[in-house]
Amino acid sequence: MFASFMINTWTAGTIVAVVAGVVGFFVVIRGSSFMAHAVPHGAFAGAAGAILIGADPLVGLGVFAAAGALTISVLSRRARTDVITALTLVVMLALGALFLSRSSQYSGEVFALLFGQVLGVSTDEIAPMLVLGVVCLTAVAVCYRPLLLSSVLPDMARARRVDPQILGIVFALIVACATTTSVPVVGALLMFALLVGPPAAARLLVKRAPLAILVSLLLTLATVWSSIALAYLSDWPVGFFVTAVGAALYLASRVTAGILRRRQAPAHDR
Amino acid sequence: MTGSVDPLAAFFASPTVHAALIVGGFVSVVAGIVGVFVVVRGQSFAGHALADLGAVGGSGAFLIGIDQVAGFVGAGIIAALLMEIVGIRRIQGRDIATGIVFALGLGLTALFLYWDTTTGSTGNAAISVLFGSLFVIDQSVVPVIVVLSIIALLLIGAVYRWLLMDSLDPDLAAARGVPVRLTGIVFLIALALAVELSSLSIGAILSTALLIGPAATALQFTRRFGPALVASAGLALASTWIGCLISFESYYWAGRSDNWPVSFCIVALIFIAYVTTRIARGLSRRRLAAAPVEA
Amino acid sequence: MIAARDIRVVLDGRTVLDGVDLSVGAGEFVGLIGVNGAGKTTLLRVLLRALRPTSGSVVESTRRRVGYLPQKVALDPDTPLRAWDVVALGIDGGRLGVPVRGRRFRERVDRILDAVGATPFADQRIGELSGGQQQRVLLAHALVGEPRLLLLDEPLANLDPASAHDVVALLDRLRRDTGVAIVMTAHDVNLLLPVMDRIVYLAHGRAATGTPDEVVRDDVLSRLYGRAIHVVRASGRVLVLAGDDPADGIHHVDSLPPGAGVR
């Protein structure tokens, strides 16, 4: 499985894992799993639309990802976030299905966008991934403290002159960027699973944010690498393994964290 | 209008339409009612996840060779229970539980689709599973759907007061002795039923619109549960029936191949209702703010 | 230092605040008193700029560092942030870039945690702490940035009387030493009587402002509440009692004695 034609797969998988591990950490502490589902899955509609008009699917994907992310983050000031996310997602998916039905070209490509084709990555797909991935991670690094504060304690953030609503929009765009980095290669399902499962596990195990991000990254890498290996060996879809390993990791962490915390039994002065 | 056929009469005479109106009627009322609770409890993600997961069950059922309805409903209930087991009553926790179960379900879909080499063009199968149509409902399935809809409503009715208290203020409800865990589970199962039924009828994607749209619209007008439930159910029902009518009639003025799919019509109406109410509310709020306060 | 003029806030059709003024200068201690639902939190959030009033304005002489302590926060127990980390973000939470925190930074955080008595649990997850513990940590977060204005929402609510007394004393000492302005809400006026310069008494969206002696009086409060109120003073404590008129609805306050400055 380490043959030369697999190198692209390992590289792409690694890039995706690093981005997802870092961005996913914030997705999880913000309780934004729905958005982490909606943006990748909605973005596939953009790819379908792009294919329909003969444009570059990556561009269509990026535009829809950004549009979806912006709609969700801007409109959720005025209405419940989860309602807005649901309705935005439905609009995007409906558009996607509309594009698919109108497109004479079969949607094997689009199917790949949903479920992933990481085992067939070509070399020229790596470069854009790397660039977008770096952009993503840089954005997170730059906004790290305000993002962390506004995610956990939005009111206290205001006192520090940090506007949680603006950070919300910035973060949504970061998710859109992460989506555009990964979905063309690994598919929407994979991206969603990676943004939620391993980071959720990490935050249970580690109580300090920087370390938790590192552990999240490592767990996501472990998930992706093992999934690639298993998919290679069994021929089953890699998307299945990613979700299964991610879920297993989360459950294992829940159990481990539960045991550890019961052992610690810290002093309470209630 | 073509020929001597009266389109409206044809609509009411067609047995396909009868089935669609019955199924659509029950499914939409249930969705409208359950949807209000979903919106208030902030469980739109779970609602959407269950819809898609029902589709997983549908494709799995096809593989094993069991009934589609059983597949959808079975998958929905299993998923709901899994979410409850994995999830906790915490902010991040519930969100993550939904996400992980959802992802797992979708991963299984990938696996099923991989195993199911007999289905030719998966894209089209995906579309029909995701979109469905009220007009192609098998007559034999109608009674099952009606019965399951009634069961869903009965479940809600059984825990109604508890559900009300738990949805408005879980901590207060727990303090008052409401069995919140049980209420949550019963609700999640009722949600799974409601969602799978609408997923079967109008497709997984759009069933989310039927669940969330009318409820969100109704809650623009009123904060009280009673009126909201009635309004939401009414809106859902109206959207569904009128959507059926429009779609059917579009055979006549748009031609057979270009007719407007029923699912699209329904969702379009739901959307129009929601967006119009939001804009109207936004305008009236600005007017109120500008007006001087009466002493 | 900061002045809110003629603040009106309408939320969900309900007029929460109806023409309220509040101003506070350096080193002043303003108590914001009223029952639950009177609009204290709302007014505080207007001052924080977290809430835009329906009408009225907030004017700050210059942009100052603000410290805010909310009434309650919703924190998931699994949140990967220790109490120490939360306080650290009180210093640099608004700064961009990757954090580099030296020894002096860390000592500053340790010192403030010690001052509020949070050192025993500084290393635990913030979400796992009890309500009282969390409040101490959040107070440390608010104080560590050396704010010029402190907005505190019911900081004494979870505390026993002795601890409440300690916190009030701490805050009073703080403003005497550093000149920080403090606006604090409470529903019992007694806790703040020893330290308040001015009181803003909120009821039914209207306010009575002035010194405690000017405001905590039968006539002023009766006008404010629209029913008979009796203020009883006994052994240094104040009791605000509702009279025995059957109160049937809200009556608006009309003109009031000039000394109390009611709007």
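Guide: Helices here are DSSP runs of H or I with at least four residues, numbered from the N terminus. The model is predicted, so local features need pLDDT of at least 70 and side-chain atom pairs count only at pLDDT 80 or more, while totals for chains, interfaces and linings use all residues. Residues are numbered from 1 along each chain as its sequence is written, and chains are lettered from A and ligands numbered from 1 in the order in which they are written.

Start with Leu75(A), which belongs to helix 3 of chain A, residues 57-75. Arg254(A) is 179 residues away from Leu75(A) along the chain, and their C-alpha atoms are 34 Å apart.

Next comes the side of chain A that touches chain B. Here 40 residues of chain A are in contact (C-beta atoms within 7 Å) with 35 residues of chain B. In chain A, the elements that give two or more residues to this side are helix 1 (4-29), helix 2 (33-53), helix 4 (81-102), helix 5 (108-115), helix 9 (164-205) and helix 11 (238-264). Helix 4 of chain A gives the most, with 12 residues. By class, this side of chain A has 28 nonpolar, 10 polar and two charged residues; Ala, Val, Leu, Ile, Met, Phe, Trp, Tyr, Cys and Pro count as nonpolar, Asp, Glu, Lys and Arg as charged, and the others, Gly among them, as polar.

Within chain B, helix 3 (residues 44-64) and helix 10 (residues 180-202) have axes that come within 9 Å and cross at roughly 55°. Helix 3 of chain B and helix 10 of chain B are therefore oblique to each other. On the helix 3 side of chain B, the residues that meet helix 10 are Ala46(B), Gly47(B), Leu50(B), Ala51(B), Gly54(B) and Ala55(B). Their partners in helix 10 of chain B are Leu191(B), Ala192(B), Val195(B), Glu196(B) and Ser199(B). Sorted by class, this contact of helix 3 with helix 10 of chain B has seven nonpolar residues, three polar and one charged.

For the angle, axes are lines fitted to C-alpha atoms, for helices over the stretch in contact, and angles run from 0 to 180 degrees between N-to-C directions. Under 35 degrees counts as roughly parallel, over 145 as roughly antiparallel, 65 to 115 as roughly perpendicular and the rest as oblique.

Technical notes. Two residues are in contact if their C-beta atoms, placed from the backbone, lie within 7 Å.
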